[in-house]
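User: Hi! I would like to learn how to read the features of a protein model. Could you walk me through this one?

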Amino acid sequence: MIFRLFAICLSAAFVFSPRFSAAQKQDPSSLLWEISGKNLGAPSYLFGTIHLICREDFSLDENLKERFGRAQQVVLEMDMDDPELMVAMASAMMMKNGAKLSRLLPAGAYQKVTGYFRDSLGMDISAYDGIKPLMLIGVLFPGIMACEVRSYEAAFVEMAGARGIPVEGLETVSDQMAAFDRIPEQAQARLILSVVENPVAARREFIELVRLYKLQDTAALFKLTRESRFSLEGADEMLLDERNRKWIPVMEKFMTGKPTFFAVGAAHLDGAHGVISLLKKQGYMVKPL
């Protein structure tokens, strides 16, 4: 689904501008979790985000703010507070060996993409011709959403700054880009074309995704992603499951040092290979709040 792929495109939105697995039956409606037990002196917290959302749908409730206030550090998928992030991203997002989007798509299909960027976004696609196609999702999203957007990650960086606590990352730009590099560039380009050819359907899916996110209805979100018309076959293992497994020892290191507020795309939370399940397998108590 396009929105689970967008879960690792947030930094592209900053430069230019979620498979939800099966919900746990005992915890059907929670985005905020407490992590305790094992060798932790104080609990840490885990929150599932939607990386960009319309301003009118953005909300930070008092329960979330209170838990955030107990943390001594904030850990996102990447350290969005790193001053070197934009430089690293600008280099890593380029395709290798001179590959171009204009060469990955047939001429007629490329003209459709060109026309959409020009007419709907007011942008010249040639400026992005050498960028990994999936990174263009970060550029497409404002047009699909058709609203003023907010970012939970940006809000958490701002809140951390106000409290004077550090912001860290679970992975580097290179880690995230490595996931892209394993997906054939032509498949990435075809997904961009599918969005450009079906913007109304993409917008409808996003609207429904946000509705279910606000309800914290993870079971319905799982069903929605399974029925999506926008997908990349075989990408789930690379974009979600493998990254989840790599994150667990990093999370353990952070939260054994000090109480931590983790914020990751909600697509990473649930299911047998989700962060919640993996933390429980490591002996932690993880409960919804």
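Analyst: Happy to. Let us begin with a term: buried means under 20% relative accessible area, exposed means over 50%, and partly exposed lies in between (1.4 Å probe, protein chains only). Helices (H or I, at least four residues) and strands (E, at least two) are DSSP runs, numbered from the N terminus. With that, strand β1 (residues 32-36) is mostly covered, as five of its five residues are buried. This is a predicted model, where local features need pLDDT of at least 70 and side-chain atom pairs count only at pLDDT 80 or more, while totals for chains, interfaces and linings use all residues. Residues are numbered from 1 along each chain as its sequence is written, and side-chain values use heavy atoms, with hydrogens and water left out.

User: How should I read the confidence, and what does the chain average?

Analyst: pLDDT is the predictor's confidence in each residue, from 0 to 100. Where pLDDT is low, the predicted coordinates should not be read in detail. Here the chain average is 82, and 83% of the residues score at least 70. Over residues 1-27 pLDDT stays under 50, and the model has 106 contacts (heavy atoms within 4.5 Å) beyond four places in sequence for them.

User: Back to β1. Which residues lie on each side of the strand?

Analyst: In a regular strand the side chains alternate between the two faces of the sheet. In β1, Leu32, Glu34 and Ser36 are on one side, Trp33 and Ile35 are on the other, and all are buried.

User: And which strands does β1 pair with?

Analyst: Two strands pair if DSSP finds at least two bridges between them. β1 runs antiparallel to strand β2 (residues 44-49), joined by four bridges, and leucine 32 stands opposite phenylalanine 47 in β2. Strand β8 (residues 285-288) also pairs with β1 in the antiparallel sense, over four bridges; there, lysine 287 stands opposite glutamate 34.

User: Is the pairing of β4 with β7 parallel or antiparallel?

Analyst: β4 and strand β7 (residues 260-265) pair in the parallel sense over four bridges, with valine 74 opposite phenylalanine 261. β4 also runs parallel to strand β6 (residues 167-169), through three bridges, and leucine 76 has glycine 169 as its bridge partner in β6. As for the faces of β4 (residues 73-76), Gln73 and Val75 point one way, Val74 and Leu76 point the other way, and all are buried.

User: How many disulfides are there?

Analyst: A disulfide is a covalent bond between the sulfur atoms of two cysteines. The rule used is a pair of cysteine sulfur atoms within 2.5 Å, and by it the count is one. Cysteine 54 is joined to cysteine 147, with S to S at 1.9 Å, and the link is left-handed, with -85° about the S-S bond. Cysteine 54 lies in strand β3 (residues 53-54) and cysteine 147 in the loop between α7 and β5 (149-150), so the pair ties together parts that are 93 residues apart in sequence. Cysteine 54 is buried at 8% relative accessible area, whereas cysteine 147 is partly exposed at 22%.

User: Why is helix α7 described as largely enclosed?

Analyst: Seven of the nine residues of α7 (residues 137-145) are buried, so the helix is largely enclosed by the rest of the structure. Among them are Ile137, Phe141 and Met145. Alanine 146 follows α7 and has a positive phi, near 55°.
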